[in-house]
Amino acid sequence: MNEIYPVAKLGDQILIINKDDLAYVGKERAFEVKCIKVDLKHGEIDPIIELEKHLKFNPWEEVSNSERDVFLQKLGDKFSDQDILEKIIEPLLNNLVKAQVN
Amino acid sequence: MSERFIEDKIIDPEVSPIKKLARSMLDKFRARFRRSEKLESSDDSSPISSTEEADLTDSETTDPGTDFAPDSSGERAATMPDEVKIKDDTDDDKKNKKRPERTEKVEYDSVVTANYFEDWDELELDGNPEIKDSIRANIIRAEKLNEQAYRNAAADLGITVEEFKARLQAKVDTMVRQADFFRATHVDVIDSIMNTDGRWKSQFETSTSNGNLNPNYRAAQEIRMFGFNQEGAPEIGDRVEEYAGYYGDKKLPAKITAQNRELRPIYGYFSDNEHGGINDYGTIPPPTNVTQYGKVNFKIKKERALRKATLTFHDSLGPGNDWPPTPASKPHFTSFRLNYNGSRILGTKNGPSITNWGESYTEVQYHGQLKMDDIESIHMSSQNGLHKGDIELVRIAFKAYKKQHPESSIKLIEF
């Protein structure tokens with residue numbers, strides 16, 4: 001089920017998690033769920049960080065299913081494969097909640 | 001060598017399993033979302049066009065905070081740890097052991113803490129009615145839980161534990177006394193904060209019905225730290241994360257996340273840099289360690305902050321966090337998380353703008369709402385990662401605010 005999954009939005013910024021970690025958001029192992037903030041307006045990708053930290057500091061809104069596809073399309077338009085792979089997909093895969101169990 | 005991408009860098013095909021999986025994720029992503037030549041060149045445009053915005057109206061946003069009812073449970077006392085000993089331990093007292101009403105009945109682990117609590121009852125702190133009792137219980141609990149860390153640090157320095165605690169308390173007092181209090185804010189929400197809402201909102205107010213952004217973890221932490229909406233919650237013990245889960249009968253009742261949403265703590269930080277710098281240098285540039293949470297720094301009027309803020313010298317939400325928030329006007333040494341070389345903090349730089357004790361930032365929790373009226377000045381700079389266009393947006397929002405509030409003394413400081 002590994003997929004990049006925009007989970008929250010704030011203006012032109014989105015928080016992306018690996019869909020495999022969705023089941024852990026807000027629950028017992030919530031603090032292990034990592035995310036990457038992407039600024040779609042300025043084309044910036046932040047380093048990976050705990051999702052709960054972002055949710056604690058700001059009024060993020062949940063992304064609906066139709067919005068999710070729009071954001072993914074914008075992500076694909078704005079960033080190169082290299083950026084998506086190395087700055088988003090790989091860090092999220094390396095920090096999966098499940099991965100930390102093994 | 002085969003070329004996998006038409007991008008600027010060729011990827012070596014001999015890769016680890018993670019890299020293989022990452023590539024397959026990218027391929028799957030690209031199969032659905034191909035890169036558009038037209039949009040590739042669009043530089044600073046908004047990611048969502050007006051036509052697309054129309055498509056996004058199915059967002060399931062709920063009405064924020066209309067169900068607020070003032071908490072009438074002011075008489076409820078915070079849960080006290082079992083280790084706390086109450087003097088005059090009669091049978092009746094034993095029954096009420098977890099709900100002591102007065103500070104002086106508790107036996108403390110150190111003279112420092114006993115002195116600290118001498119004038120506790122006079123302390124004024126905004127927030128939910130349970131906040132002071134919760135903080136007091138947490139301090140007592142944390143000092144006991146972390147006794148070994150204090151012993152180790154004292155042994156490193158060749159001093160008694162009591163002496164170490166006294167010195168740490170003095171250090172903490174000094175660091176907070178010289179600090180200002182800030183809130184890092186994203187440009188995207190500045191206009192609504194300044195010109196519509198007049199206050200900061202938390203994610204509890206913007207959650208939607210899908211429930212993907214489950215707030216149970218934060219709600220459980222805020223019960224534990226402040227007793228916020230604690231009525232009806234399971235007792236929060238050492239492992240707060242258990243109570244955030246969907247497991248067994250420990251699930252938090254829905255009303256705990258639904259009620260008083262607009263009164264939830266708002267999070268910020270403290271620093272002794274005039275513009276809110278907080279990093280390895282204590283200045284801007286380089287950008288602060290909190291730019292992920294916002295690049296514009298709002299400085300809170302100090303007298304307001306001292307009344308409505310609690311703080312820690314680290315991120316407060318980590319699991320198993322036994323170093324609790326304490327009032328900004330009366331910080332306690334247990335708010336300082338000691339790492340393996342914790343004793344060194346006594347000999348290092350004093351200012352909270354340089355977080356050189358193993359943390360990336362200090363943290364402030366503002367209670368009883370953080371409003372524009374609490375703000376002294378707004379600090380922004382391109383050297384803190386802000387783009388020119390964003391700086392202009394803040395200027396416009398500020399101008400509109402001053403037009404609405406000509407009496408306001410808030411300053412916009414560009415540096």
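Biologist: Which residues does A:I16 touch, leaving out those up to four places away in sequence?

Modeller: A:I16 touches A:I4, A:Y5, A:P6, A:C35, A:I36, A:V38 and A:I88. This is a predicted model. Each pair counts as a contact because the C-beta atoms lie within 7 Å.

Biologist: What is the place of A:I16 in the largest nonpolar core?

Modeller: That core has 105 residues. A:I16 is among those with the most contacts inside it, together with A:L15, A:I17, A:I89 and B:F181.

Biologist: Which residues of helix α3 in chain A are buried?

Modeller: In α3 (residues 81-94), they are A:D81, A:I84, A:L85, A:I88, A:I89, A:E90 and A:L92. Each has 20 or more other C-beta atoms within 10 Å, and is therefore called buried. A:I88 is one of the residues touched by A:I16.

Biologist: What do the buried residues of α3(A) pack against?

Modeller: In chain A, they pack against β1 (4-10), β2 (13-18), β3 (34-39), β4 (44-45) and α2 (65-78). From chain B, α1 (17-32) joins the list.

Biologist: Why does the radius of gyration of chain A agree with a compact globule?

Modeller: Set the value against the rule. A compact globule of 102 residues would have a radius near 13 Å. Chain A has 13 Å, so the two agree. Its C-alpha atoms fill a box of roughly 35 × 30 × 25 Å along the principal axes. Buried residues make up 62% of the chain.

Biologist: What is the pattern of chain A along the sequence?

Modeller: The pattern is β-β-β-β-β-α-β-α-α-α. That is four helices and six strands. Take the contacts between residues at least 6 apart in sequence: 56% of them join residues at least 24 apart.

Biologist: Now chain B. In what order do the eight strands of its open sheet stand?

Modeller: The order is β5-β4-β6-β2-β1-β3-β7-β8, with mixed pairing.

Biologist: Why do β5 and β8 of chain B stand at the edges?

Modeller: β5 (326-327) and β8 (411-414) each have a single partner strand, so one side of each is left without a neighbour in the sheet.

Biologist: How do you know that β3 and β7 of chain B are paired?

Modeller: Count the bridges. Four join β3 (residues 296-300) to β7 (residues 375-380). Pairing needs at least two, so these strands pair. They run antiparallel. B:F298 has B:I378 as its bridge partner in β7(B).

Biologist: What joins β7(B) to β8(B)?

Modeller: Four bridges, and these strands run parallel. In β8(B), B:L412 is the bridge partner of B:I378, and B:I413 is that of B:H379.

Biologist: What makes the crossover from β7(B) to β8(B) right-handed?

Modeller: The chain passes from β7(B) through helix α14 (residues 388-404) to β8(B). Point the strands away from the viewer, and this path runs clockwise; the crossover is therefore called right-handed.

Biologist: Why is B:R199 called partly exposed?

Modeller: B:R199 has 15 other C-beta atoms within 10 Å. B:R199 lies in the loop between α9 (187-197) and α10 (203-206) of chain B. B:F181 is 18 residues from B:R199 in sequence and 16 Å from B:R199 in space, C-alpha to C-alpha.

Biologist: Why does B:N229 count as buried?

Modeller: B:N229 has 26 C-beta neighbours inside 10 Å. The cut-off is 20 or more, so B:N229 is buried. Its place is the loop between α11 (216-226) and α12 (254-258) of chain B. Phi of B:N229 is near 55 degrees, a positive value in a residue other than glycine.

Biologist: Why does B:N260 count as partly exposed?

Modeller: B:N260 has 19 C-beta neighbours inside 10 Å. Buried needs 20 or more, so B:N260 is partly exposed. B:N260 sits in the loop between α12 and β2 of chain B. Phi of B:N260 is also positive, near 55 degrees.

Biologist: What is omega for the cis peptide bond from B:I284 to B:P285?

Modeller: Omega is near -5 degrees there. A cis peptide bond also joins B:P285 and B:P286, with omega about 0 degrees. B:P285 is in the loop between β2 (266-271) and β3 of chain B, and B:P286 has its place in the loop between β2 and β3.

Definitions and conventions. Residues are numbered from 1 along each chain as its sequence is written. Chains are lettered from A and ligands numbered from 1 in the order in which they are written. This is a predicted model: local features need pLDDT of at least 70, side-chain atom pairs count only at pLDDT 80 or more; totals for chains, interfaces and linings use all residues. A nonpolar core is a set of buried Ala, Val, Leu, Ile, Met, Phe, Trp, Tyr and Cys residues joined through C-beta atoms within 7 Å. A residue is buried if 20 or more other C-beta atoms lie within 10 Å of its own, exposed if 12 or fewer, and partly exposed in between; C-beta atoms are placed from the backbone. Two residues are in contact if their C-beta atoms, placed from the backbone, lie within 7 Å. The radius of gyration is taken over C-alpha atoms; the globule rule is 2.2 Å times the number of residues to the power 0.38.
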